[in-house]
Amino acid sequence: MGEPFASGRRVVQPAELRWTTVHRATRTRVTKPSIRTFSDRSPEPSTTLEDSQTMADLSPDEIAAAQQLAYQKSLTRSQHSPPPYDPEAVTGDFWQAAGDVIARRPGSTMEFADWVIVHRTIAEYGRCFPQYAQRIQDALLQAFPGAHVLRQQYQRSAEEPFVLPPVGADAQRVGDVEARVRAAYDDAARSLVTAPRRQPPTSPDVAEPANANDVQGTWLVIVPMFQLEVSDDPPVNGRWDVGDVAFVSRAKLATILQPPTLTNLPRPNAWEKITGDDASFAVIKLTGTPNQLRRTMFRELREAANILAATAGFYGKRHHVSGFTLKGYPAFTAKNDRFIQTDGTAFCGNWNQRGFLHPFTLDANWHRAISDTGIIDLFARINDTADATWRRQIRSGAAMLGRSLMSLDLADAFLLNVIGLETLLTKPRERNGPKMFKRIKGMTGWHLRTARRNYEAEINNIHGVRCEIVHDSDYSNLTVELLLQSDLYLTNSLLNIVRLPAVFPDKATLVTTLDGYATNENWPTDGSLPFRWLGNPYFSQADLDLPLW
């Protein structure tokens, strides 16, 4: 550390020099009081006249605090055991301690030099909303000059900040600082995050709503999804829109829950309540009161989810048993049985789970599949079609296909397909067997007349079984193969309608075009027919062994 050098009447130690240098800038004089050694045998060092005159710069409480700090410094010098008496070292310890005490006077830039303040956020929340923690950090540094402000992250919320006081701080002082820390924290958070805001009544006679469920306003409605995975990587980028409904990943939702969509950020505990443990969400903006909106919004959300689910018909097969739905809607069933032989001693049983055994994933593979087949045009067609009635029918037909593909029941899935076919291919008051047969033939006959010779009888059989179920509750002729055939007719009808807006701009044009092909069987054979066919009309055993009720 170098040799001490002469300075006036006494020798200045390096430690004393460092303190003098630091605190000369503060223009505050600190004197050495009479310091006793930390050993009973130690003599008392002398004090100069200048020291006595400037003794008043430290209050009695500050002198006591400085002595305590000096003792801690002496222990540090001697590796935490009472050191041998050294008057110059003792003096240096006190001068440094006195400087620390002065630096911590209220209003000083080092008032909280030995205080540690810790504020905490959820790890995920900190990643999604970094500006929240930064604002808290800046506010605490400003309110508590010199303090060590630490930022920590946890897997679960721990919003309340905590304070680590310096050694020797009295309880009253600690309590005051803790209260100030909480107040500074709340003030900083309040300027960034959402909080319930009570609007004054429009007139003295108008009562304020009892709770938020009755507040009229514009709401961002967020509904968790079950087993829908939305990739954050391109080209999906965490979001896929179906009309006014956005299906988003958890990370993408965080980018939505910020200004200008919201007036402020959600607080960490609100973020936990909004997201829970869910990985994806359906999001829509609606106007009204929550109690009013709940009566109809799930119908709209389910239709959007079913339209998205329709893409499963162009990406996989029913026996892949992958699927998704709004959280809370039935997604699993199981067949459970026991067999006991009455003319012998055999016994057996089975438990077979059915339903969405695998999640449905919106990722690059899914996007490539819907792009290659052309069904990706569905999402533009349900928004851009000029004819509002035709646009609604395309949406409904796609929703019936998606709902059928996600169904757990054979009869339900089949009837939903038939409803979708009637919605897309027939007009009101003509929904009968001959009309539907003609339209399906007009849409698919160009391919099936050579690929599946008996296709006309199979088309007629679809409507016949439909009537047996609807009018006579007779399910005896319903087979999995018939369901898969109806899948093919509906997926290919929907595909060609959304791909060819110029050929099918409205329902009337579709009827005229398909009836003409069906009646005359004059599909162009020179390659000019723009229709496409997707799927194999011959089914494997895996296709036929569907886990449906």
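A: Let's begin with C467: at a relative accessible area of 23%, C467 counts as partly exposed, because buried would need a value under 20%. Keep in mind that this is a predicted model. C348 is partly exposed too, with a relative accessible area of 43%. As for disulfides, the count comes to 0, and the rule here asks for a pair of cysteine sulfur atoms within 2.5 Å.

On to the sheet. It's an open one, built from 3 strands in the order β4-β3-β5, with mixed pairing. β4 (148–154) and β5 (162–164) sit at the edges, each pairing on one side only. On average, neighbouring strands are turned by 25 degrees against each other, ignoring direction. β3 (residues 116–122) pairs with β5 in the antiparallel sense, over 3 bridges, and V118 has F162 of β5 as its bridge partner. Helix α6 (residues 130–143) lies across β3 and β4, and runs at about 155 degrees to β4.

Now the helix pair. α11 (residues 297–309) packs against α14 (residues 388–405) at an angle of about 75 degrees, with the axes 7 Å apart. So α11 is roughly perpendicular to α14. On the α11 side, the contact is made by R302, E303, N306, I307 and A309, and α14 brings R395, S396, A398, A399, G402, R403 and L405. Sorted by type, the residues of this contact between α11 and α14 come out as 5 nonpolar, 3 polar and 4 charged.

Technical notes:
Residues numbered from 1 in each chain as written. Predicted model: local features only at pLDDT ≥ 70, side-chain atom pairs only at ≥ 80, totals over all residues. Heavy atoms only, no water. Buried < 20%, exposed > 50% of the residue type's maximum accessible area, 1.4 Å probe, protein only. Pairing = 2+ DSSP bridges. Helix = DSSP H or I, 4+ residues; strand = E, 2+ residues; numbered from the N terminus. Axes fitted to C-alpha atoms, helices over the stretch in contact; angles between N-to-C directions. Contact = heavy atoms within 4.5 Å. Parallel < 35°, antiparallel > 145°, perpendicular 65-115°, else oblique. Nonpolar A, V, L, I, M, F, W, Y, C, P; charged D, E, K, R; others polar.
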